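The sequence and the structure are shown first.

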Amino acid sequence: MGNLKGKIWMEWKIVIERNPYCNGKIGNGDEYTMKNRNRLKRCIITLAAVVASALLQAFTMNTFMAPVHLLPSGFTGIATLIENIAGLLGGHFSTSLGMVLLNIPVAVFCYKHIGKKFVLFSMAQVVMASILLKVVPSNPLFDDPLLNICFGGVLYGLSVAVALRGNASTAGMDFIALYVSNKIGKSIWQYVFMFNTGMLCLFGYLFGWEYAGYSILFQFISTKTIDNFYHRFKRVTLQITTQKPAEIVDAYIHSFMHGISVTECYGGYSGKKMSLLHTVVSSYEVQDVLHLLEEVDDRIIINIMPTENFVGGFYRKPLE
C-alpha cells in the first residue's frame, strides 16, 4: 500500500512539474486558479456594464432624444444624420445598421492597438444597443424640449460612462478618443465635443437651426457627464507623512507600478523625526492606495491633491 501511494505521488509530481501553468511548483496551481477567477470576475463586471450601457442608451434615445429630434454623438449621430438625409432624398437607411457598419473599420484598427477584449465587448455593446433600439418602446416622458435635453443628456452621458468604467465603450468616437488619450496621456472629450458641434452645424443647415441648437446643448451636457464620471486619465498627488517610511515604501512598490520619493523631516509641534513621501497615482487607484497605506501605518497622514499637469513617465494599466 505504501509503495502504491509513493508511485501515485511521484506520477502526480511529474504531471505538476510538466504543467506549464505551475512552473514546476506544486503551490502555483492555486495562484493560477486565482488569476482565472479574477479574470472571470472582470469579464462578468464588463458584461454587466455593457448590458446596462446598451439598455440605458436605447432607452434615452427612444424616450428623450427621438421626441425632440435630437442628434446623438459620434458614429451614432453620423448614422442618424445619414438616415435623415436619406429620408429627404426619398430613400431609407437604418440607423441600427449604420451604427454597426461605421464601427467595423475603427474596431479592426483598435483591436490591434488598444485591446482585444475591450474591442469585443465594445462591439457587443453596439450590437446590443442596435437591437434594443427596435425593442425598447418609445414613450416620451416630457413635452418640454429643455427637460428632454437635460435628462437625456445626463442619461446618455451616463450610458457612455458606465461602459467605459466597465472596461468597454460605446465604440465609434470612443475608440478614437481612447486611442488618442492613451497616446498623449490625457482626456480629449473636449475635442470630441468640438467634432460633434461641427456635425450638428451640418444637421442645422439641413434640418433647421432650432434643433441643431438643442442638440449642441444636449451634447454639452452629455460630454460633461462623461468627463465627470470617467477619470481614467486624471491623476492625483499623494503627500504622505509617516514614521514608518521603509515599511510604507516596501508595501507600495510591491503593489503599485508607480515611483515614490522620500524626504526626511521632523514634526514642527512634536519635534519627532518623520518622513514626507510623494507619489502620483491615477484617480482610480486612490482608494486602494489609501487602504494599503493605512494597513501599514494606522497613524499615517495623507494629503490628496489634484494634479493638473504631469511631465515624465507614468504607468497606466493598459486596456485588455
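Phe64 is buried, with a relative accessibility of 2%; buried denotes a relative accessible area under 20%, exposed one over 50%, and partly exposed the range in between, for a 1.4 Å probe and protein chains only. The model is predicted, so that local features need a pLDDT of at least 70 and side-chain atom pairs count only at pLDDT 80 or more, while totals for chains, interfaces and linings use all residues. Residues are numbered from 1 along each chain as its sequence is written, and side-chain values use heavy atoms, with hydrogens and water left out.

**Overall composition**

The protein has 11 helices and 4 strands, where helices (H or I, at least four residues) and strands (E, at least two) are DSSP runs numbered from the N terminus. Of its 320 residues, 41% count as buried. Among contacts between residues at least 6 apart in sequence, 73% join residues at least 24 apart; a contact means heavy atoms within 4.5 Å.

**Aromatic pairs**

The structure holds 10 aromatic pairs. Rings of Phe, Tyr and Trp (its six-membered ring) pair if their centres lie within 6.5 Å; planes under 30 degrees apart count as stacked, over 60 as edge-to-face and the rest as tilted. One of these pairs is formed by Phe64 and Phe151, which are stacked, with 6.4 Å from centre to centre and 10° between the planes. This pair links distant parts of the chain, since Phe64 belongs to helix α2 (residues 28-65) and Phe151 to helix α6, 87 residues apart. Phe151 is partly exposed at 43% relative accessibility.

The rings of Phe109 and Tyr179 have centres 5.0 Å apart and planes at 75°, so this pair is edge-to-face. Phe109 lies in helix α4 (residues 95-113) and Tyr179 in helix α7, so the pair ties together parts that are 70 residues apart in sequence.

| Residue | Relative accessibility | Class |
|---|---|---|
| Phe64 | 2% | buried |
| Phe151 | 43% | partly exposed |
| Phe109 | 37% | partly exposed |
| Tyr179 | 22% | partly exposed |

Phe64 and Phe151 also belong to one aromatic cluster together with Phe59 and Phe142.

**Helix α3 and the residue that follows**

The buried residues of α3 are Gly74, Phe75, Thr76, Gly77, Ala79, Thr80, Leu81 and Ala86. Just after α3, Gly90 takes a positive phi of about 85°.

**The loop between α6 and α7**

Most residues other than glycine have a negative phi. Asn167, which is not a glycine, has a positive phi near 70°, and is found in the loop between α6 (145-165) and α7 (173-184). Ala171 lies in the loop between α6 and α7 and has a positive phi of about 60° although it is not a glycine. Ala171 is buried, with a relative accessible area of 3%.

**Packing of α7 and α8**

Two packed helices are described by the angle between their axes and the distance between the axes. Helix α7 and helix α8 (residues 189-207) pack at an angle of about 145°, with their axes 10 Å apart; the axes are lines fitted to C-alpha atoms, for helices over the stretch in contact, and angles run from 0 to 180 degrees between N-to-C directions. The contact is made by Met173, Asp174 and Ala177 of α7 and by Trp189, Val192 and Phe195 of α8. By class, this contact has 5 nonpolar, no polar and 1 charged residues, with Ala, Val, Leu, Ile, Met, Phe, Trp, Tyr, Cys and Pro counted as nonpolar, Asp, Glu, Lys and Arg as charged, and the others, Gly among them, as polar.

**Two buried positions in helices**

Gly157 is found in helix α6 and is buried, with a relative accessible area of 0%. Leaving aside its neighbours within four places in sequence, Gly157 is in contact with Ser222, Thr225 and Ile226. The C-alpha atoms of Gly157 and Phe218 are separated by 9.6 Å, although the two residues are 61 apart along the chain.

Phe118 is placed in helix α5 (residues 116-135) and counts as buried at 1% relative accessibility. From C-alpha to C-alpha, Phe118 and Ser169 are 7.7 Å apart in space, and they are 51 residues apart in sequence.
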